[in-house]
Amino acid sequence: MIEQPRMVKICDVVEESPGVKTFFFKSDLDFVPGQYIMVWIPLIDEKPFTISYIQKDIVGISVLKRGVFTHALHKKKAGDLIGIRGPYGKGFNLQANSNSCVVGGGIGMASLTTLVDRLTDATIIQGARTVSEIIYRKRFPGMKLCTEDGTAGFKGTTVDFLMELLNTQTYSKIYTCGPEKMMYKIVDLAKKQQIECEVSLDRYMKCGFGICGQCDCSGQRVCIDGPVFNTTELNKMEDFGKIDILKTGERVNIHNR
Ligand code: FES
């Protein structure tokens with residue numbers, strides 16, 4: 001049976017960057033980093049978001065304004081209601097004392113924050129096009145930054161930065177979330193160095209419970225078999241880093257988008 005959304009009241013809204021806001025609300029979720037919740041705005045739609053903050057019974061989701069639904073969400077203020085159901089999906093497999101590296105690209109960083117909160121001494125890398133898109137700077141002061149235009153930190157991509165870092169540093173595990181092209185290159189780099197990887201895939205979801213096939217990636221349904229997949233699973237997923245499925249159901253080459 002499909003769980004019905006429960007209404008929660010937004011108690012605070014924080015602007016993380018010009019395009020990203022975090023919405024906080026009270027809820028006692030039993031949540032594993034990497035899982036997601038479905039957020040419902042009555043008369044508009046329902047969409048998946050990961051949890052980016054969780055402290056006792058206060059939960060936060062960070063939302064990038066990019067479509068009709070997220071524009072509507074960005075207009076919400078403290079006191080407004082939204083519906084939530086979940087959490088759903090398979091999250092990260094945490095190795096708390098491992099020597100880990102966490103790599104986030106753009107809003108993908110939101111999927112990694114609660115994981116970082118539970119890891120000790122992880123190297124955190126965030127990549128963005130430009131300095132104004134960097135999020136959680138105060139929250140993770142030791143975070144290494146990469147910007148494509150060089151306005152903060154390393155000038156270049158997270159992949160370029162990681163490649164340099166791996167010349168002097170080794171890790172037992174790399175966790176990543178961001179554009180699929182970026183994650184594909186990181187997994188490839190990690191394989192060459194025999195480092196285990198876990199990625200959180202972002203695919204367009206419709207039903208969110210494994211029925212419609214919209215989120216398929218080589219037979220794996222991202223909504224229930226993921227969104228987190230490890231290197232062994234990714235090795236069997238031919239479409240990873242190559243093919244995406246549009247809202248219309250059309251299969252497209254990721255590199256042509
Ligand atoms: S969103 Fe429908 S099967 Fe995953």
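Let me start with Leu-43, which is exposed, with a relative accessible area of 88%. This is a predicted model, so please keep that in mind throughout. Leu-43 sits in the loop between strand S3 (36-41) and strand S4 (45-50). Its phi is positive, about 70°, although Leu-43 is not a glycine.

For background, most residues other than glycine have a negative phi, and most peptide bonds are trans.

Asp-121 is another case: phi is near 60°, a positive value in a residue other than glycine. Asp-121 is in the loop between helix H2 (113-118) and strand S9 (123-128). Its relative accessible area is 76%, and Asp-121 counts as exposed.

Next, the peptide bonds. Gly-86 and Pro-87 are joined by a cis bond, with omega about 10°. Pro-87 belongs to strand S7, residues 81-88. A cis bond also joins Gly-226 and Pro-227, where omega is about 10°. Pro-227 falls in the loop between strand S15 (220-221) and strand S16 (228-230).

Now the helix. H4 runs over residues 180-192, which is 13 residues. From its first C-alpha to its last, H4 reaches 18 Å, close to the 18 Å expected at 1.5 Å a residue. Which residues of H4 are buried? They are Glu-180, Met-182, Met-183, Ile-186, Val-187, Leu-189 and Ala-190. Just after H4, Gln-194 takes a positive phi of about 55°.

H4 and H5 are the elements that give two or more residues to its lining. Which element gives the most to that lining? H4 does, with four residues. The lining consists of Tyr-184, Val-187, Asp-188, Lys-191, Leu-234, Asn-235, Met-237, Glu-238, Phe-240 and Lys-242. By type, the lining residues divide into five nonpolar, one polar and four charged.

How values were computed. Residues are numbered from 1 along each chain as its sequence is written. This is a predicted model: local features need pLDDT of at least 70, side-chain atom pairs count only at pLDDT 80 or more; totals for chains, interfaces and linings use all residues. Side-chain values use heavy atoms; hydrogens and water are left out. Buried means under 20% relative accessible area, exposed over 50%, partly exposed in between (1.4 Å probe, protein chains only). The expected span of a helix is 1.5 Å times one less than its number of residues. On a 1 Å grid over the protein atoms alone, a cavity is a set of points where a 1.4 Å probe fits but cannot get out, and a pocket is an open set with protein on both sides within 12 Å along at least five of seven lines; lining residues have an atom within 4 Å of a point. Ala, Val, Leu, Ile, Met, Phe, Trp, Tyr, Cys and Pro count as nonpolar, Asp, Glu, Lys and Arg as charged, and the others, Gly among them, as polar.
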